[in-house]
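Let's take a walk through this protein together. Have the sequence and the 3D view ready.

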Amino acid sequence: MLEDRDAENTDTYLQADYVRPLGAEGKLDVGVRVSRRRHGEDALVRVFEAPDAADPREATRTGFRYDETFRSVYATADRRFGKLGVQLGVRAELASTDFTVARTGERFVNDYNSIFPSANISYDFGGGRSIRFAYSKRIGRPWPFILNPDVPATDSLNRYVGNPELQPNYTHSFGLDLSWIGSHGTLRLGPYYRHTVDQWDRIRYVDSLGVSTLTWANVAAIRTYGTTLTASLRPAGRIG
């Protein structure tokens, strides 16, 4: 089997920000952003009877065009109150996607809205001791190749089909950072917890004729937690 593949990837955006002071020790940042991404692919798959065959047994042309448009507004407020530092933010996004199958012209349009809050709160206890709490919500968008429903199969009993109806996943991330800076160095402890919902995973179906089809679906949730511990000693002579 020989496969010739051409790909196109473009990314354009327009963004405007406005920043102004917020009290004596703070600032407010608001903005808007409009971006557009295009992923395109054109492939020619040729299947030969034998490695030395001059002409292919069959040839299939396939491809897709995937357009993503994002419109977002956001605001971040950052302010200090003595030893307490507070940063709060939010971003609202309207996303529109359009997946077009090149061979059939079939289109799959998906619009979805998302809100992304964030928080970062720190406190300085003095004496080199401080603590910081952070929260953020992030998005993971499915890749075009797992959306494509038109994938040529060289094995009639094993097929791969993308799922153009896949939705993005969202991750809620929580973290603490406790640090101490002393005369001999720095000690830092960083526990964290992340929870991902609507994660896509591979699903395999086998029909009554024994044909196996591999595809993707939003069926998983992922929880990740752990901690980091870092100790840094000041150089003593030639040893650090």
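How much of the accessible surface of the protein belongs to carbon and sulfur atoms? The accessible surface comes to about 15,400 Å², and 54% of that belongs to carbon and sulfur atoms; the areas come from the Shrake-Rupley method with a 1.4 Å probe.

A quick word on what you're looking at. This is a predicted model, where local features need pLDDT of at least 70 and side-chain atom pairs count only at pLDDT 80 or more, while totals for chains, interfaces and linings use all residues. Residues are numbered from 1 along each chain as its sequence is written, and side-chain values use heavy atoms, with hydrogens and water left out.

Now for the overall build. You'll find ten strands and zero helices (DSSP runs, E of at least two residues for strands, H or I of at least four for helices, numbered from the N terminus). The C-alpha atoms fill a box of roughly 75 × 45 × 40 Å along the principal axes.

Next, peek inside. Buried residues (under 20% relative accessible area, with a 1.4 Å probe and protein chains only) make up 30% of the 240 residues.

Zoom in on Leu166: leaving out residues up to four places away in sequence, Leu166 touches (heavy atoms within 4.5 Å) Trp200, Trp216 and Pro142, among others.

Notes:
Buried < 20%, exposed > 50% of the residue type's maximum accessible area, 1.4 Å probe, protein only.
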